[in-house]
Amino acid sequence: MQKIIPFALIILLQCCTLTQAQQKDSLLIKNGIENPSILSTHHFGIFSSRLNTNFKYAPPLKATVAINYTSGNNFHPYVESYYPKDPTVRAQQSEVAWNIRPFHFIDQETTPADYLNIVIDAVIKEFRATATIPINQQHEIGISLRSYLITKGKYPFSFFTSDESIEWFHSHVAGGEDPFGRRYYGLNQVNFKYLDRNGNTLELNNNTFFLGGIELSHFYYPKLNINKSRRIFLNFGTHVGLNTSRFNSSIDVGISANAIKKLPLKKNYELNIATGLNVLRKNLINFKDVMDLGNNPYLGTFEAEIEITKYTLKGNYNAFGINYHIQTRYNKKEEYDYFKLIGKWREINGGWQNGVYNLYQPLSSWNFIYTYGTPKYMLTLFIKEDLEVNNAPDFQTGISLKIPIAK
């Protein structure tokens with residue numbers, strides 16, 4: 001963000017306000033920052049109803065339908081984890097660095113402990129359809145259907161997110177040769193297995209397709225004096241998600257709050273700055289025994305974005321946004337103090353522990369988003385990169401088409 005803020009200030013110093021006519025015309029096709037779904041293809045997250053941030057000023061003038069496609073490369077080598085049950089042993093483990101803890105499991109009577117293991121190697125593709133319906137000038141509802149395909153990620157269908165592309169980048173640009181062991185384990189394969197601490201097994205194979213869930217959202221856009229005086233817009237959302245996979249048949253609920261600042265500029269430019277917060281209560285209701293997909297019952301998200309827009313002479317626009325997204329950890333923080341991880345740390349250059357270790361870390365990513373908009377459609381492309389190298393996913397791309405369907 002340090003490079004983004006000066007860039008925005010330079011634009012503000014060099015530009016002045018649009019005429020009132022230009023501002024009025026721009027509202028006909030541009031409604032704040034209309035992002036596609038930029039949620040990660042996280043191997044736990046795909047089974048829950050995570051929340052997309054809403055950076056619009058108001059409900060759309062017409063009902064719209066958006067079709068999203070995204071592809072992400074997820075990779076975690078096989079790792080095992082033990083969780084001692086004895087409080088004395090836990091206290092002893094907490095005094096030692098996680099990678100050299102001395103705990104050795106013998107049996108449940110001698111060294112009682114919970115156990116899990118996980119390996120993730122796949123290119124996960126999400127297909128999402130969303131209908132947004134305005135109720136009036138202050139309310140809208142949204143219905144979203146999401147599904148997933150597990151693949152090996154071969155060319156040409158996963159050109160940017162394939163193992164070959166990522167390892168070429170590591171070998172020739174940054175990261176070094178095979179930093180996480182993809183080549184060691186083999187490229188272009190699916191190895192997606194998880195044994196949770198309750199003894200339940202999740203396993204997906206190449207070309208496995210499943211319906212992830214159906215989500216219902218309601219957004220309220222209050223009419224405030226600051227909408228006109230300061231060009232600041234707020235919205236508040238309530239969310240319900242029905243998860244339909246056999247691994248997590250459940251209902252999630254959530255709330256969200258978002259703020260957008262609009263800065264009209266001269267020469268048909270416009271700057272939008274936005275922030276948003278949301279909280280999801282996972283598995284409020286379970287319909288049957290479900291997988292332990294993270295024992296932290298709440299997922300919180302903070303998101304910030306800056307977007308610069310250029311309107312064309314024909315009234316269309318090009319917009320480029322830089323988005324920062326961070327989500328809270330999937331597992332309870334206190335377990336980090338005493339877990340014991342076992343993996344092939346000698347054979348792998350780094351990241352052998354990520355499959356479990358990153359369940360105890362906040363997950364952050366940067367998203368770079370380009371949008372071309374007209375009154376008839378909006379086409380968006382984005383890339384997602386985890387600069388913290390959590391590999392969940394390592395690299396992700398997406399495309400979205402949104403069109404109005406009714407007056």
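Helices and strands in this tour are DSSP runs, numbered from the N terminus. The model is predicted, and the selections below may be made one after another.

**Confidence**

Colour the chain by pLDDT before selecting anything else. The average over the chain is 91, and 93% of the residues score at least 70. Then select residues 1–28, where pLDDT stays under 50. For this segment the model has 34 contacts beyond four places in sequence.

**The loop between E8 and E9**

Select lysine 267, which sits in the loop between strand E8 (250–264) and strand E9 (269–286). Lysine 267 counts as exposed because its relative accessibility is 59%, and the cut-off for exposed is over 50%.

Move to arginine 231, in the loop between helix H6 (226–229) and strand E7 (232–243). Arginine 231 has a positive phi of about 55 degrees although it is not a glycine. With a relative accessible area of 28%, arginine 231 is partly exposed. As background, most residues other than glycine have a negative phi, and most peptide bonds are trans.

**Two cis peptide bonds**

Select tyrosine 155 and proline 156, which are joined by a cis peptide bond with omega about -5 degrees. Proline 156 is found in the loop between strand E3 (139–151) and H4. A cis bond also joins alanine 392 to proline 393, with omega about 0 degrees. Proline 393 lies in the loop between E14 and E15.

**Asparagine 74**

Asparagine 74 lies in strand E1 and is buried, with a relative accessible area of 0%. Draw a distance from its side chain to the backbone oxygen of threonine 41; the value is 2.8 Å. Phenylalanine 192 stands 118 residues away from asparagine 74 along the chain, with 9.7 Å between the C-alpha atoms.

**Threonine 53**

Select threonine 53, in the loop between helix H2 (20–27) and E1. Threonine 53 counts as buried because its relative accessible area is 15%, and the cut-off for buried is under 20%. Its side chain makes a polar contact of 2.7 Å with the side chain of glutamate 303. Beyond four places in sequence, threonine 53 is also in contact with Asn258, Gly276 and Asn278.

**Helix H4**

Select residues 163–172, which form helix H4. Within H4, Asp163, Ser165, Ile166, Glu167 and His170 are buried. Which elements do the buried residues of H4 pack against? They pack against strand E1 (64–84), strand E2 (113–134), helix H5 (182–185) and strand E15 (395–404).

**The nonpolar patch**

A nonpolar patch of about 880 Å² is made by residues including Phe320, Phe368, Tyr370, Leu381 and Ile403. Strand E13 (363–373), strand E14 (378–385) and E15 are the elements that give two or more residues to this patch. Tyrosine 370 lies in strand E13 and is partly exposed, at 34% relative accessibility.

Key. Residues are numbered from 1 along each chain as its sequence is written. This is a predicted model: local features need pLDDT of at least 70, side-chain atom pairs count only at pLDDT 80 or more; totals for chains, interfaces and linings use all residues. Side-chain values use heavy atoms; hydrogens and water are left out. Buried means under 20% relative accessible area, exposed over 50%, partly exposed in between (1.4 Å probe, protein chains only). Helices (H or I, at least four residues) and strands (E, at least two) are DSSP runs, numbered from the N terminus. Contact means heavy atoms within 4.5 Å. pLDDT is the predictor's confidence in each residue, from 0 to 100. Patches are made of residues with over 30% relative accessible area and no salt bridge: like charges are joined within 9 Å, nonpolar side chains (Val, Leu, Ile, Met, Phe, Trp, Tyr) within 5 Å. Accessible areas come from the Shrake-Rupley method with a 1.4 Å probe; for residues, only the protein chains shown count as cover. A salt bridge is a side-chain nitrogen of Lys or Arg within 4 Å of a carboxyl oxygen of Asp or Glu. A polar contact is a pair of N or O atoms within 3.5 Å; within protein, one must be able to donate a hydrogen and the other to accept it, and residues adjacent in sequence count only if both atoms are side-chain atoms.
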